[in-house]
Amino acid sequence: MEGGDGHARVYVAFDILYRLLSLVLGYDVQYVRNFTDIDDKIIARANEGNEDPLELAGRFIEEFRKASGKADLRRDL
């Protein structure tokens with residue numbers, strides 16, 4: 001994941017917790033993840049690359065989903 005191991009660790013930890021609670025212990029778990037589309041950092045980076053902020057955010061989201069799949073994380077629960 002582009003954010004590095006620190007960010008990946010958070011996603012892996014919550015994925016493990018979700019699987020433990022739902023698959024092992026049988027709880028009905030609603031696991032919600034969200035993406036913050038636009039913030040000042042995304043706007044600044046998009047401006048540097050002469051890119052639309054929404055397109056840049058969309059690309060980051062797609063990269064996250066690809067990396068999540070490689071890590072075998074639950075997707076879009």
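Where do Asp15 and Arg19 lie, and how many residues apart are they?

Reply: Both Asp15 and Arg19 lie in helix H1 (residues 5-24). They are four residues apart, about one turn of the helix. Helices here are DSSP runs (H or I, at least four residues), numbered from the N terminus. This is a predicted model, in which local features need pLDDT of at least 70, side-chain atom pairs count only at pLDDT 80 or more, and totals for chains, interfaces and linings use all residues. Residues are numbered from 1 along each chain as its sequence is written, and side-chain values use heavy atoms, with hydrogens and water left out.

Asp15 and Arg19 form a salt bridge, with their closest N and O atoms 2.7 Å apart. The term means a side-chain nitrogen of Lys or Arg within 4 Å of a carboxyl oxygen of Asp or Glu. Asp15 is buried, at 4% relative accessible area. Arg19 is partly exposed, at 25%. Buried means under 20% relative accessible area, exposed over 50%, and partly exposed in between (1.4 Å probe, protein chains only).

The structure holds three salt bridges. Now to Arg59. Its side chain meets that of Glu51 in a salt bridge, 2.6 Å from N to O. Arg59 also forms a salt bridge with Glu63, where the closest N and O atoms are 3.8 Å apart. Glu63 and Arg59 are four residues apart in helix H3 (residues 53-70), so about one helical turn separates them. Together, Glu51, Arg59 and Glu63 are linked in a network of salt bridges. Glu51 is partly exposed, at 24% relative accessible area. Arg59 is partly exposed at 37%, and Glu63 is partly exposed at 34%.

How values were computed
Helix = DSSP H or I, 4+ residues; strand = E, 2+ residues; numbered from the N terminus.
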